[in-house]
Amino acid sequence: MRIVILFITILVGGMQGLSAQSAFDAIRQNRNLAASNYMAYPVPSAVELTPPPEGKRPFYISHYGRHGSRYLSNKKAYDIPYNILHAADSLDKLTEEGRMIYHEIDNIRKDAALRNGDLTALGSQQHRGIARRMVQNFPEVFEGDAYIDARSTTKHRCILSMGAALQQLSALNPQLRITMDASEHDMWYMNHQDTMLRNKMMCREAQEAYDRFTFKREHNERLMQMLFNDSVYVSMHVDDKWLNYYLFKVASILQNTPYHSQFPLYDIFTDEEIHRIWQKENAWWYITYGPSLLNGGDEPYTQRFLLRRIIEEADSCIALPAHGATLSFGHETMVLPLSCLMDINGYGFQTEDLEQVEPHGWLAYNVFPMAANLQFVFYRADTQDTDVLMKVLLNEKEAQLPVPTDCAPYYHWNDVREFYLKKLDAYDARRNNGQETLNNKH
């Protein structure tokens, strides 16, 4: 028995090492992955979709998508590195390379002036492409005078993303009956903010675990030596942690802007540094919007109203003889927790050990790049068919659900519906009875 246990331990350890190495290799080959939620949408190429069972045709799509590529939403991300480098330059404390980076940050900052959170041209292009491929993949849903109900959160980047998608759909089929709206009236499910869960997000235990995790990955000495010519000045006047953090933010967002090809700011970091920074970001997203047990594991339930709405709208459309789509446009802070709540592709994985998140394959960049989208596609033979099937596409690729099925990647809607309603009902009952999973010590 001990030999068997030892073998399993070695095997699991080896698998974890390979998984961790593969994430490092993926980021080394494509540094844009390290941008996490700032990653520009990876346009799928030659994705093969599994044909539906014989006789079944798509008739309805429920979609929730993140807005497209944007600028940084807070100008301090540009101002902080600029101000630090500007002060050092005025005292002749920058190296030659430091001065070059300072001037590039100045140019990038000017390009982004008064564009906080604005959708970029690339962002509009992404949603036109997603809409076009949706029609190409599921033409039956969009044929004739199909009804398209589109809604957006009230952020202008989301409204413009919705507009770009609808323009593309209308160009492909002018007969479509399209309605669109963006109102506080729908924010209760489109962008729900749960005060109780938000307050538990970074509880004491979670914060302490995150601090331990990040402390081991704070190695900024090389970058400081590259930027500054006076180590004493750095120790007295430079917060190397935050300078490193905001320089990386600026480097990450560039792929979404017109400035992306003019200065590859990622080049100031080594592969190892980029991977470490990404690890910290990935762990942060796992704690705050993922299913981390450090704060009780309930954060994904912030999207319980959105999931119920998706189910209710699907039931309503199934009852109708018509075909069409419900298109919703919001934010990564909905797409990621919704994916975790539904345990899509195993993103419901729960642990208290942040060192296990990456080896397990919980890589947030696979879920929520700019223009990230979930498509729930429904199939039936005809309007009398009671065995409705559905499948889920995550960023236009077929995904897995934790629901038993005999026709993967397709699932029987009645099974899916029952599975998630039971899950939501169980949480509501637990919450109403004051039995949340968060321990008193939090």
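**Exercises on a predicted chain**

The chain exposes about 19,900 Å², of which carbon and sulfur atoms supply 52%, with accessible areas taken from the Shrake-Rupley method with a 1.4 Å probe and, for residues, only the protein chains shown counting as cover. The model is predicted, so that local features need pLDDT of at least 70 and side-chain atom pairs count only at pLDDT 80 or more, while totals for chains, interfaces and linings use all residues. Residues are numbered from 1 along each chain as its sequence is written, and side-chain values use heavy atoms, with hydrogens and water left out.

**Exercise 1. Describe the overall build of the chain.**

Step 1. The secondary structure comprises 16 helices and 8 strands, where helices (H or I, at least four residues) and strands (E, at least two) are DSSP runs numbered from the N terminus.

Step 2. The radius of gyration is 23 Å, close to the 22 Å that the globule rule gives for 442 residues, so the chain is as compact as a globular protein of that length; the radius is taken over C-alpha atoms, and the rule is 2.2 Å times the number of residues to the power 0.38.

Step 3. Along its principal axes, the C-alpha trace spans about 75 × 65 × 40 Å.

Step 4. Of the 442 residues, 54% count as buried, a term that means under 20% relative accessible area, as against over 50% for exposed and in between for partly exposed (1.4 Å probe, protein chains only).

Step 5. Among contacts (heavy atoms within 4.5 Å) between residues at least 6 apart in sequence, 81% join residues at least 24 apart.

**Exercise 2. Locate the nonpolar cores and the surroundings of Phe 378.**

Step 1. A nonpolar core is a set of buried Ala, Val, Leu, Ile, Met, Phe, Trp, Tyr and Cys residues joined through side-chain atoms within 4.5 Å. The largest has 109 residues, and those touching the most other members are Phe 228, Leu 354, Phe 378 and Leu 401.

Step 2. A second, separate core of 27 residues includes Phe 138, Leu 169, Ala 325 and Tyr 379.

Step 3. When neighbours within four places in sequence are left aside, the contacts of Phe 378 include Arg 57, Pro 58, Phe 59 and Tyr 60, and also Ala 314, Ile 318 and Trp 413.

**Exercise 3. Is Pro 291 buried or exposed, and which residues is Pro 291 in contact with?**

Step 1. Pro 291 lies in the loop between helix H12 (271–288) and helix H13 (304–318), and counts as buried at 3% relative accessibility.

Step 2. With neighbours within four places in sequence set aside, the residues in contact with Pro 291 include Cys 340, Tyr 347, Phe 349 and Trp 362.
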